[in-house]
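Here is my note on the model you sent. Please read it with the structure open.

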Amino acid sequence: MVDFYGTQVDSRLMLGTAMYPSPAILADAFRRSGAGIATVSVRREAGGDRAGGAFWDLIADLGVKVLPNTAGCHSVREAVTTAQMARELFDTNWIKLEVIGHADTLQPDPFGLVEAAHTLAEDGFQVFPYCTEDLVLCDRLVQAGCKVLMPWGAPIGTGLGLNNLYGLRSLRAHFPDIPLVVDAGLGLPSQAAAAMEMGYDAVLLNTAVAKAGDPAAMAEGFARALEAGRLAYEADPMSPRDMAAPSTPVLGKAFLE
Amino acid sequence: MKITVNGTDTDVAANTLAQALHELGYGDQRVATAVNENFVPATARDAQELAEGDRLEIVTPRQGG
């Protein structure tokens, strides 16, 4: 179980809801993976267009927790207003806070992120900040009221995996009691397993699943990898060493010269 | 009066946000609103007066990552 702001979630997988070939495949991906949290967004809609309502019905049927995002926001004001609209639409204080600082890498704007996190936390939001693995930034986010951190593994949608293992490990060591979620950049289940083996609490995926040839199978693959990686972490792995050490006993070997 | 609705210039007869949503066909749709980049909660739509040139944003739930 993972504790996000007092809510216990029994899956270590947060799954995005964008870019699936069809609503049925989206639902199948959730079912096969057992993902416990779905990320969603808010977007413009014309009067009489019922797309938002139909999407909401689909998500409600999944029976999972909903985590709205502020995707695409580049300023503090835009992110805060979007979060306020999302809170009303989805009836939750949870917000995945994105303040984008760079158009090519979709890298978080660390300065705007801290300011927005502070404003939203003061307003009663429970903020899940999409951040980098920078220790100082994460310290500031915690000081601003964040009780979850969501560092990227790699830029959104790249599938490059865990680009900075040292940074992610340092973050885990520095924040032993804060739920840490690798958000963005994962492409393969092995990368999710590696995050679990480092002691991360969960991962958030979208593109890796939605853009796979068989999204539901990939979602299940990630779920199994997360379980394997977490088991390994809890099993206290052996320490690596440089020199070989025989696993078969040397004592008692037949002398056959 | 001319206002901007989701980025498009629009003529409305409405004087309040609640009236504008009705006039624009949102009916009972699940929407959230902002006027001039400020969030306006559903409970404040009746009292939210509109003025010429106001920028209205109307959003609904959508797919996201």
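**Notes on the A–B interface and a sheet in chain A**

1. Start with the charges. Four salt bridges are found across the interface of chain A and chain B. A salt bridge here is a side-chain nitrogen of Lys or Arg within 4 Å of a carboxyl oxygen of Asp or Glu. One salt bridge joins the side chains of A:Arg50 and B:Asp28, at 3.2 Å from N to O. Over all chains, the whole structure holds 14 salt bridges. Among them is the pair of B:Arg62 and A:Glu45, at 3.0 Å, N to O. This pair crosses between chains: B:Arg62 lies in strand β5 of chain B, and A:Glu45 in the loop between β4 and α2 of chain A.

2. A word on the basis. This is a predicted model, where local features need pLDDT of at least 70, side-chain atom pairs count only at pLDDT 80 or more, and totals for chains, interfaces and linings use all residues. Side-chain values use heavy atoms, without hydrogens and water, residues are numbered from 1 along each chain as its sequence is written, and chains are lettered from A and ligands numbered from 1 in the order in which they are written.

3. Confidence. The model scores ipTM 0.95 and pTM 0.93. Chain B has a mean pLDDT of 95, with 100% of its residues at 70 or more. (pLDDT is the predictor's confidence in each residue, from 0 to 100.)

4. Extent of the interface. Chain A gives 31 residues to the contact and chain B gives 28 residues (contact: heavy atoms within 4.5 Å). The two chains bury about 2,500 Å² between them, 51% of it on carbon and sulfur atoms. Which residues of chain A lose the most area to chain B? They are A:Arg44, A:Glu88 and A:Leu89, together 27% of what that side buries. (Buried area is the accessible area, with a 1.4 Å probe, that two parts lose on being put together, summed over both.)

5. Polar contacts. Across the interface, 25 residue pairs are in polar contact, both residues at pLDDT 80 or more. Such a contact is a pair of N or O atoms within 3.5 Å; within protein, one must be able to donate a hydrogen and the other to accept it, and residues adjacent in sequence count only if both atoms are side-chain atoms. On the side of chain A that touches chain B, β4 (37-44), α2 (51-62) and α3 (76-90) of chain A each give two or more residues. α3(A) gives the most, with seven residues. (Helices, H or I, at least four residues, and strands, E, at least two, are DSSP runs numbered from the N terminus.)

6. β4(A) pairs with strand β5 (residues 55-63) of chain B in the antiparallel sense, over five bridges. Pairing requires at least two bridges found by DSSP. A:Arg43 stands opposite B:Thr60 in β5(B).
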